[in-house]
Amino acid sequence: MNEIVQTAVTTAPAKRAPNRAWRKFKANKGALVGIFIILFFTLAAILAPILPIPDPVATSWSAVRKAPSAAHWLGTDDIGRDILSRMIWGARASLMAGIFSVAIAVAIGVPLGLISGYYGGWIDQIISRVTEAFLAMPFLITAIALAAFLGPSLTNAMIAIGLSATPVFVRLTRGQVLAVKTEDYVEGARSIGLRHLSIIIRYILPNVFAPILVQATLTIATAIIAEASLSFLGIGQQAPAPSWGSMLNVAKGYLETQPWMAIWPGAAIFLVVIGFNLLGDGLRDALDPREA
């Protein structure tokens, strides 16, 4: 009977952990606001092809730089394109850049961090020194250099941003693995003869997943800013395809006379970045086992 009670006590927290994290997350108003913002822009991007909006690349010389009106809710740009339509289609580029760039960084950085932290030795020395060399360079400068080398396109911009963000995930994963691999359950798995790959996948990766998820969410916001910066410089999304960064590049010459051309894409970047940051902060608080 005592053994049954002890088993129940031992297993109960594991079952309640997901519910505890979910309750904490739901109680975080900032995180809920972040999810709402992200869902709003995501739905707009997904539904862009079927929404009753003008062609984002169609020009109208009779509607050049028109102020917001019933015909053009957010106004028009320097060659008469509807800004609302370009904003919605531009959301697709920004969100794709954020998500796929981080997916590249996670796909490369997490395995390297696992290998470096678990095996140690000369493998750890090589990976750590290369990671530190990349971390010594500013993230955006590295992304600009790689994008310029690869050539101007949205795909190349995503690759450049992903590679530039990889060192952050290598360092984070390595640090988490170093803390986890000395735990009793990992030592127990080694003692019964499990292979290293099985230990990494079954025991180490699940226990370092939470901080990686939080970092990925926060890095999406950074990647969106980076994509906008690359498009602003002309080495990201290429004209006439819409992008919030390229829209800001066009608008910079009309800030005093037609400020709405810069206000809307700037506000969109601000809101999406705030949304992902709020979501990341909420996940960090909810998944932190040290928080009650």
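**A nonpolar patch, a helix pair and salt bridges**

Ile108, Leu112, Phe149, Leu150, Ile159 and Leu163 make a nonpolar surface patch of about 500 Å². Patches comprise residues with over 30% relative accessible area and no salt bridge, with nonpolar side chains joined within 5 Å; areas follow the Shrake-Rupley method with a 1.4 Å probe. Two or more residues each come from H3, helix H5 (139-150) and H6, helices being DSSP runs (H or I) of at least four residues. The model is predicted, with local features needing pLDDT of at least 70 and side-chain atom pairs pLDDT 80 or more, while totals for chains, interfaces and linings use all residues. Residues are numbered from 1 along each chain, and side-chain values use heavy atoms, without hydrogens and water.

Helices H3 (residues 83-119) and H6 (residues 154-180) pack at about 35 degrees, their axes 5 Å apart; axes are lines fitted to C-alpha atoms over the stretch in contact, with angles running from 0 to 180 degrees between N-to-C directions. Their contact holds 23 nonpolar residues, eight polar and one charged.

Turning to charged pairs, the whole structure contains six salt bridges (a Lys or Arg side-chain nitrogen within 4 Å of an Asp or Glu carboxyl oxygen). One of them joins aspartate 124 to arginine 174 at 2.6 Å, N to O. Aspartate 124 lies in helix H4 (residues 121-135) and arginine 174 in helix H6, so this pair ties together parts 50 residues apart in sequence. Aspartate 124 is buried at 8% relative accessible area, whereas arginine 174 is partly exposed at 26% (buried is under 20%, exposed over 50%, partly exposed in between).

Technical notes:
Nonpolar A, V, L, I, M, F, W, Y, C, P; charged D, E, K, R; others polar. Patch = residues over 30% accessible without salt bridge, like charges linked within 9 Å, V, L, I, M, F, W, Y side chains within 5 Å. Buried < 20%, exposed > 50% of the residue type's maximum accessible area, 1.4 Å probe, protein only.
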